[in-house]
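Please look over the sequence and the structure before reading on.

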Amino acid sequence: MDKIRVVGGRPLEGTVRISGAKNASLPDLCAALLTDEPVRLSNVPEVRDIRTMGRVLAAMGAEVDFRVGGVVDVKAGSLTSVEAPYDLVKTMRASVLVLGPLLAREGKARVSLPGGCAIGARPINLHLMALEKMGATIAVEHGYVEARADRLHGAEIYFDTVTVTGTENVMMAASRAEGVTLIQNSACEPEIEDLAQMLNAMGAKVSGAGTSEIRVEGVERLHGASHSVIPDRIETGTFVAACAIAGGEIEIRACRPQHLRAVLDKFREIGVRVEEGPDNLRIRAPRVIRPANVTTQPHPGFPTDMQAQFMTLMTQATGTSTITESIFENRFMHVAELSRMGASIAENGRVAIVSGPTALSGAQVMATDLRASASLVLAGLAAGGETIIDRVYHLDRGYYRIDEKLRGLGADIERLT
Ligand code: EPZ
């Protein structure tokens, strides 16, 4: 199991290139199931979760070719199975995104319940409620969702909780359903817009993506397409945080500043200098980091996937900050590890109170989930001495070679295999 070793104290400088968005690539790959024609995705990040999704699709009989430079070809000519097996789903809950496409294309699907994960129970009841409204018969037994639908029909769906993959599952199912589907209180994340763009390139009729009401007019069949995945807004935010905490000045390329407006505004509020271009950012660390309060929200609010990284930053702020996690019920696992490095954080349910600045000292720490592991790398950049981060497979699920990218910016960081 790989570890990452960071020695803190070095300011960052230079240029880093952002990879494609993991959380856009995953639904985009599943959308390829909606046609028997070839689909080509580019700017796909070569991260662990993408490989896993490739295995899920291949297990169903799709041809999946990972080419050089982030190009992935998928041809779901004829499927030999409509099952997403437990041993794959348990490693990546986003496998549940095959449910909508399989029901739309094959009229049946057998998908393992994803089960909880470190950050919360993460049920999929809203996905199932919506698909039932579209005419699917859903049974949940032996840990699997057994879904059947002779012909999905359009429906009016209201999500009482905003759900990103729930919205995506319904968009894909509705794209080939009979009639019109209206999704109200839909997720507005950029990844939703990216999926809509790809579906429309395949001949679907999706409108309103990016707003809280999406309309999908079902069509008989979808054809192949080529689609370039949007940049990863969370990787972008993670590098802004890295520069803010380590000091220095960096340029971030191949990113989309308008996809992380709330994050950039929050960084400006604490003193980070942020200059925006159309697809790049120039970041200069502040001499003094000001404290701030943040509450995670669905897009366009401050994203929960940036909460752990921001908390690390607040350990260096000159004062008290409050961080409220409103999306997931257990997304403060990084608090214990940061405290072991010297942070002063009081947890009270979904609110964490961070007192700063506290000198962080390097330690042996353990990653628990994807973004918590990123927050530990950031802490290592600011800590005195050496930090060894264990279980970096969590990191590799969603960050493409983050150690190499940070080393390219001058950080003293290496992977211990
Ligand atoms: C997506 O997860 C992302 N994953 C997550 O990123 C991200 O943290 C999350 O959205 C929130 O932005 C992918 O896109 C692959 P939700 P998702 O459904 O869709 C509750 C990362 O680090 N809920 O929007 O699973 C749920 O429990 C990952 O890259 C139900 O109650 O999240 C949560 O409290 C982590 N019933 C809230 O809604 C449901 O049927 C939001 O969850 C579905 C969700």
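What kind of contact do the side chains of D73 and R40 make? The two side chains meet in a salt bridge, at 2.6 Å from N to O. D73 belongs to strand β5 (residues 72–75) and R40 to strand β3, so the pair ties together parts that are 33 residues apart in sequence.

## Basis of the description

The model is predicted, so that local features need pLDDT of at least 70 and side-chain atom pairs count only at pLDDT 80 or more, whereas totals for chains, interfaces and linings use all residues. Residues are numbered from 1 along each chain as its sequence is written, and side-chain values use heavy atoms, with hydrogens and water left out.

Helices (H or I, at least four residues) and strands (E, at least two) are DSSP runs numbered from the N terminus. A salt bridge is a side-chain nitrogen of Lys or Arg within 4 Å of a carboxyl oxygen of Asp or Glu. The structure holds 35 salt bridges.

To the contact (heavy atoms within 4.5 Å), domain 1 gives 24 residues and domain 2 gives 20 residues. The area buried between the two domains is about 1,800 Å², and carbon and sulfur atoms give 55% of this area. Buried area here is the accessible area (1.4 Å probe) that two parts lose on being put together, summed over both. H299, R397 and Y400 supply 32% of the area that domain 1 buries against domain 2, more than any other three residues.

Two salt bridges are found across the interface of domain 1 and domain 2. Seven residue pairs are in polar contact across the interface, both residues being at pLDDT 80 or more. A polar contact is a pair of N or O atoms within 3.5 Å; within protein, one must be able to donate a hydrogen and the other to accept it, and residues adjacent in sequence count only if both atoms are side-chain atoms. On the side of domain 1 that touches domain 2, α12 (370–382) and α13 (393–396) each supply at least two residues. Elsewhere in the list of charged pairs, the side chains of R397 and D49 meet in a salt bridge at 2.8 Å, N to O.

## The sheet containing β2

Four strands, in the order β2-β15-β17-β16, form an open sheet with mixed pairing. Two strands pair if DSSP finds at least two bridges between them. The edge strands, β2 (12–17) and β16 (273–276), each pair on one side only. From one strand to the next, the twist averages 10°. β2 runs parallel to strand β15 (residues 248–253), and six bridges join them; V16 has I252 in β15 as its bridge partner.

Two helices pack on this sheet. Helix α8 (residues 233–246) touches β2, β15 and β17 (280–284), and its direction makes about 170° with that of β15. Helix α9 (residues 261–269) touches β16 and β17, and its direction makes about 140° with that of β16. Axes are lines fitted to C-alpha atoms, for helices over the stretch in contact, and angles run from 0 to 180 degrees between N-to-C directions. β16 and β17 pair in the antiparallel sense over four bridges, and a hairpin of three residues joins them.

## The sheet containing β18

Another open sheet of four strands has the order β18-β19-β21-β20, again with mixed pairing. β18 (294–295) and β20 (344–348) stand at its edges with a single partner strand each, so one side of each is left without a neighbour in the sheet. Strand β19 (residues 320–324) and strand β21 (residues 351–355) are antiparallel and share five bridges, and the bridge partner of T320 in β21 is S355. Helix α10 (residues 307–314) lies across β18, β19, β20 and β21, at about 170° to β19.

## Backbone details

Most residues other than glycine have a negative phi, and most peptide bonds are trans. A cis peptide bond joins H299 and P300, with omega of about 10°; P300 is placed in the loop between β18 and α10. The peptide bond from G356 to P357 is also cis, with omega near -5°, and P357 lies in the loop between β21 and β22 (364–366). N43, a residue other than glycine, has a positive phi near 60° and is found in the loop between β3 (38–42) and α2 (48–59).
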